Amino acid sequence: MDPRRASRTVSDPKIRQVGFFAPPPDRSFSGPPDPISTSTPNPAAATTTAAAANTSSPPPISDLSPSGNSLSPVMIPPPRHSSDTTHRPVPFPPVSPLRRDTLSLTVGSYNNNNNNIISSSPTASFYDESKGITVKVSPTPAASSFPGGGFDLTAVKASSVPASGLTTVSVVKTLPPGFTEKVGGSVEMQNDLPANSKPLKERTSKAERRALQEAQRAAKAAAKAEGSKLSATTSGAVASANAKPTKATKPSSQKNDSATVASSEKKGGDRPPEKDRKKDAPHPRMQYDDKSRVEKAKRRAVVKQTEARNRVELFRHLPQYEHGTQLPDLESKFFQLDPVHPVVYKVGLQYISGDISGGNARCIAMLQAFQEAIKDYSTPDEKTLTRDLTAKINSYVSFLNECRPLSISMGNAIRFLKNRIAKLPLTLSESEAKAFLQSDIEQFISEKIILADKVIVKHAVTKIRDGDVLLTHGSSSAVEMILLHAHELGKQFRVVIVDSRPKLEGQLLLRRLVGKGLSCTYANINAVSYIMHEVTRVFLGASSVLSNGTVYSRVGTACVAMVAHEFRVPVLVCCEAYKFHERVQLDSICSNELGDPDAISKVPGREDINYLDGCTNSENLQLLNLIYDATPSDYVSMIVTDYGMVPPTSVPVIVREYCRDQVWI
Amino acid sequence: MWWRSASFILDHRLQEDPPNDIASSSKEPDTLSKLSPPQTHSSFMAAADPFNPIPNPKISAYYQTRAAHTAVVTSDWLAQAQAAVGHHPDDSPAPQTQLLASPSASGKSFCVINEFNNWRKQPDLAEAVAAIRALAAVIRASEATTMMELEIELKKASDSLKSWDTTSISLTAGCDLFMRYVTRTSALEYEDFNSARSRLIERAEKFGEISCKARRIIAMLSQDFIFDGCTILVHGFSRVVLEVLKTAAQNKKLFRVFCTEGRPDRTGLRFSNELAKLDVPVKLLIDSAVAYTMDEVDMVFVGADGVVESGGIINMMGTYQIALVAHSMNKPVYVAAESYKFARLYPLDQKDMAPALRPIDFGVPIPSKVEVERSARDYTPPQYLTLLFTDLGVLTPSVVSDELIQLYL
């Protein structure tokens with residue numbers, strides 16, 4: 001056991017990294033000479049002593065001494081170790097030049113994973129599962145230390161402690177010096193943290209770090225109390241840990257470069273946290289089941305977020321719909337908020353109240369608010385316009401995002417604006433720059449939205465013939481314009497408006513169309529399969545069109561498109577090109593927006609059918625009110641955009657062209 | 001499948017000389033009536049005895065009686081075909097009656113359409129090329145002194161060409177392409193007028209060359225897809241497809257071809273004549289026998305009047321049903337089309353295009369109350385096509401739109 005262990009501890013870090021890609025257990029291959037020679041003695045000693053300690057008094061150790069205990073639980077299942085050791089040789093890769101990179105990369109991703117997992121594990125059970133999976137995939141010591149796959153909370157906690165402890169040496173490699181001691185930290189939170197990657201750790205606040213150090217010190221003391229032998233080993237371990245980081249930090253920084261997998265937010269971690277945090281708008285795709293991030297986001301949030309009662313299992317990662325209206329709360333804050341420009345604030349409130357809805361309307365409102373804000377903006381002393389204004393815009397964006405999650409089209413518009421700010425010539429004076437930006441925004445609105453709509457109308461009208469029956473779902477501004485224009489042209493056609501609860505937006509459209517004298521039929525989405533056989537064309541709007549041709553649109557669109565496809569009715573999606581996005585999405589789960597769960601449980605004005613009145617607080621009831629869904633490209637015959645009528649397969653081409661445009665405008 | 005088996009190929013190689021003798025002895029390629037016997041024999045032999053690995057007419061008396069029996073019908077068809085061929089000697093894909101065929105436009109009163117028709121009559125010239133040549137002639141004849149004037153003149157000419165025949169896709173596409181070049185070439189704005197003008201003319205000339213080369217390129221590209229012993233179903237008369245098959249025959253590939261009859265203008269008969277001249281075993285089918293023969297077919301080869309934005313094609317009536325049958329039997333459908341046939345059109349369904357009408361002769365008088373569907377072409381959606389052979393390369397249907405976007409945006 002001893003030799004094995006020695007080698008194991010030595011190779012730990014490498015195991016972890018290499019384990020991802022090297023299945024054949026080629027035992028004969030021994031590691032590169034230098035790491036062995038340097039690190040073998042310490043870890044070997046550590047492990048053996050740990051084993052000794054373990055056998056002598058396991059329970060107290062696990063409770064008290066950090067480093068000692070962290071080692072001990074791992075020791076308990078010897079067979080696992082052996083299996084571990086069999087795996088271990090693998091890590092020493094014949095490919096020494098490659099190793100470093102791959103190592104660091106996998107470490108990064110692994111840690112990142114772990115981080116998510118652990119922080120989310122208390123709540124999300126399916127993440128635990130995923131953890132189990134990751135664990136299985138990687139023949140890491142950590143993996144071996146999860147006996148049952150770590151499915152329940154306690155198991156996770158228990159195992160996470162030993163995992164980090166066990167690997168003291170190995171983990172340390174990727175972590176800063178102080179880290180090992182931290183492992184012993186008694187607080188749960190800290191137990192979670194050590195498993196995280198280094199950048200995240202660095203982002204912990206001062207207070208947290210102090211707490212950690214405190215804990216470490218206590219742990220050390222405890223370890224000393226354990227016995228001189230043990231303390232020696234721990235110190236040895238620590239020493240080795242301290243020795244290694246110098247080597248190991250390099251790969252981890254490399255990782256930061258190479259592995260963007262680790263998400264952009266992590267990168268920011270190298271800089272001072274406070275400043276960065278202010279700048280860093282919450283990513284639109286923040287995972288809301290990641291507790292620590294949610295906490296952080298909340299702390300700097302203007303809008304007070306309240307927790308939804310029963311989150312639907314599969315949709316925990318989405319921003320949950322806030323209960324109650326924050327309007328009064330926010331309105332009262334109106335005069336205290338200097339960071340947010342009043343116009344932006346107004347738009348945010350309008351988003352919350354639902355006064356502005358619809359992709360184009362929201363985007364235009366936002367851009368105009370930014371225009372106003374830029375007009376009133378003046379660069380503070382000792383700051384440059386490009387940087388400060390970007391920060392300002394970021395804070396506005398994060399405010400708006402809190403009011404209602406940004407749509408993809410808004411994201412594109414913001415990207416455009418930031419791009420323009422960044423590309424401002426340095427020679428411009430402030431007023432010139434501001435005028436420049438305002439006219440840019442103006443141009444974006446007029447060219448990319450208003451003019452684009454006109455072009456779309458022009459194209460789409462050619463597809464309407466006399467005698468057609470056109471079906472539409474919900475209320476899309478582009479579709480409305482098309483229908484009205486076709487009517488103006490004197491085409492004889494009929495419109496079927498399919499609508500769905502809870503928003504019943506179709507009624508608004510119906511009202512406007514009937515007002516203009518079109519002949520309309522109104523049906524609920526339940527009747528779509530009945531009505532579809534008489535339809536000749538389906539016109540749909542879209543919130544966004546993604547790179548694989550998936551149409552991301554108001555919930556119910558996918559259903560209508562599917563039925564239309566089944567009836568062989570052509571489905572035309574009308575969408576401005578500024579709403580295209582290079583992302584790919586296969587389902588409606590990864591990215592979506594949640595609406596008010598009450599809206600689907602209650603029917604206003606129908607007291608007699610409010611059957612759910614009593615049960616909405618029940619633990620067993622989870623209400624899911626999705627706002628969007630994703631329509632697979634198979635169901636879409638054509639996408640009408642300002643670049644003409646294209647098949648859904650050509651969206652990436654437009655995205656390419658358009659992104660180039662974005663820089664140009 | 002016997003025609004794919006190695007033994008068939010070997011046998012065929014052994015037999016190569018006798019059939020050649022027969023063919024050469026029995027054939028004067030000029031006359032159709034002489035041409036028909038070998039052709040019918042090869043096709044009917046295949047029909048009569050598809051499991052006979054040696055296509056030798058001497059073997060089976062049964063075959064001979066059969067051939068003699070059916071030859072009556074066939075020769076009748078071929079007579080009709082001959083008449084049809086005689087009627088339009090060099091018909092371009094869109095069977096338009098040649099209205100204004102005054103060969104030489106008199107100097108001053110220059111007319112694009114006349115010019116176009118002039119060019120169109122050349123046997124190997126595609127419509128798009130003819131259109132571009134006609135536009136080049138406009139430039140030559142033009143008395144404009146500035147680029148703007150010339151552009152306006154060109155625009156007018158191309159509009160009148162397009163409106164003269166709204167149904168022809170390649171004509172429209174050719175005009176659009178050239179106009180695109182005129183308006184887009186930034187170099188034109190900086191040069192002096194005369195050099196810009198000559199540049200345009202040069203470009204137009206080049207376009208003709210490119211289009212001729214395109215057929216060669218397509219033929220070369222498609223050779224990889226024609227394997228020894230395969231059976232190819234063709235529909236309509238497409239010069240590109242003919243080039244493809246001709247090249248394959250020259251490369252000593254062993255394959256046979258099924259030609260649909262191509263009612264009402266009997267394009268299939270013409271095509272089979274051309275193939276028979278090349279000694280390719282060819283078999284004629286009536287248009288409704290496609291599904292019946294599809295299980296013998298290895299691939300479907302069609303040309304295209306136009307390739308539209310969705311990646312689908314607009315082609316002679318009947319292409320769609322062939323593609324449907326082929327799709328349902330998992331046979332590949334290959335389209336050979338030059339890139340100047342790519343058009344910025346997006347039909348959603350069959351009725352969503354300008355119909356190209358043509359007279360159909362049923363041989364008997366049709367009561368006036370009976371309606372006749374006279375559309376000459378249909379639209380095949382991209383999901384039923386396997387690959388497109390173009391001079392840009394072998395493309396999947398979805399790439400067409402990419403190319404179009406890059407061309408026109």
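## Around helix α29 of chain A

Just after α29 in chain A, A:Arg568 takes a positive phi of about 60°. Helices here are DSSP runs of H or I with at least four residues, strands are runs of E with at least two, and both are numbered from the N terminus. This is a predicted model, where local features need pLDDT of at least 70 and side-chain atom pairs count only at pLDDT 80 or more, while totals for chains, interfaces and linings use all residues. Residues are numbered from 1 along each chain as its sequence is written, chains are lettered from A and ligands numbered from 1 in the order in which they are written, and side-chain values use heavy atoms, with hydrogens and water left out.

Helix α29 covers residues 557-566, and A:Thr557 sits in it. The buried residues in α29 of chain A include A:Thr557, A:Ala558, A:Val560, A:Ala561, A:Val563 and A:Ala564. Buried means under 20% relative accessible area, exposed means over 50%, and partly exposed is in between (1.4 Å probe, protein chains only). As background, an α-helix has 3.6 residues a turn, so residues three or four places apart point the same way.

## A:Thr557 and its surroundings

How buried is A:Thr557? Its relative accessible area is 2%. Leaving aside residues up to four places away in sequence, A:Thr557 touches A:His473, A:Leu540, A:Asp629 and A:Thr631, where contact means heavy atoms within 4.5 Å.

The side chain of A:Thr557 also has polar partners. One is the side chain of A:Ser553, in a polar contact at 3.3 Å. Another is the backbone oxygen of A:Arg554, which lies 2.6 Å from a polar atom of the A:Thr557 side chain. A polar contact is a pair of N or O atoms within 3.5 Å; within protein, one must be able to donate a hydrogen and the other to accept it, and residues adjacent in sequence count only if both atoms are side-chain atoms.

A:Leu385 belongs to helix α23 of chain A, residues 385-403. The residue is buried, at 14% relative accessible area. Not counting residues up to four places away in sequence, A:Leu385 touches A:Tyr377, A:Thr379, A:Thr390, A:Leu424, A:Glu430 and A:Ala433. A:Ile421 is 36 residues away from A:Leu385 along the chain, with 8.5 Å between their C-alpha atoms.

A:Pro405 is in the loop between α23 and α24 (408-422) of chain A. Beyond residues up to four places away in sequence, A:Pro405 touches A:Pro319, A:Arg362 and A:Glu593. The C-alpha atoms of A:Pro405 and A:Leu594 are 9.3 Å apart, with 189 residues of separation along the chain.

## Chain A overall

Chain A has 31 helices and eleven strands, and 54% of its 665 residues count as buried. Among contacts in chain A with a separation of 6 or more, 77% come from residues 24 or more positions apart. The accessible surface of chain A is about 28800 Å², with 57% belonging to carbon and sulfur atoms; such areas come from the Shrake-Rupley method with a 1.4 Å probe, and for residues only the protein chains shown count as cover.

## Salt bridges

Over all chains, the whole structure has 24 salt bridges, each being a side-chain nitrogen of Lys or Arg within 4 Å of a carboxyl oxygen of Asp or Glu. In chain A, A:Asp388 pairs with A:Lys383 at 3.7 Å between the closest N and O atoms, and A:Asp388 is buried at 10% relative accessible area. A:Asp468 bridges to A:Arg465 at 3.9 Å. Here A:Asp468 is buried at 3%, while A:Arg465 counts as partly exposed at 26%.

In chain B, the closest N and O atoms of B:Lys162 and B:Asp176 are 2.7 Å apart in a salt bridge. That pair links distant parts of the chain, 14 residues apart: B:Lys162 is in helix α7 (residues 147-164) and B:Asp176 is in helix α8 (residues 169-184). B:Asp176 counts as partly exposed at 25%. Salt bridges that share partners also join A:Lys463, A:Arg465, A:Asp468, A:Arg537, B:Asp349 and B:Asp352 into one network.

## Where chain B meets chain A

The contact takes 19 residues from chain A and 15 from chain B. About 1400 Å² is buried between the two chains, 54% of it from carbon and sulfur atoms; buried area is the accessible area (1.4 Å probe) that two parts lose on being put together, summed over both.

The interface has four salt bridges and eight residue pairs in polar contact, both residues at pLDDT 80 or more. On the chain B side that touches chain A, the residues divide into five nonpolar, four polar and six charged. A:Lys463 forms a salt bridge with B:Asp352, the closest N and O atoms lying 3.0 Å apart.

How values were computed. Ala, Val, Leu, Ile, Met, Phe, Trp, Tyr, Cys and Pro count as nonpolar, Asp, Glu, Lys and Arg as charged, and the others, Gly among them, as polar.
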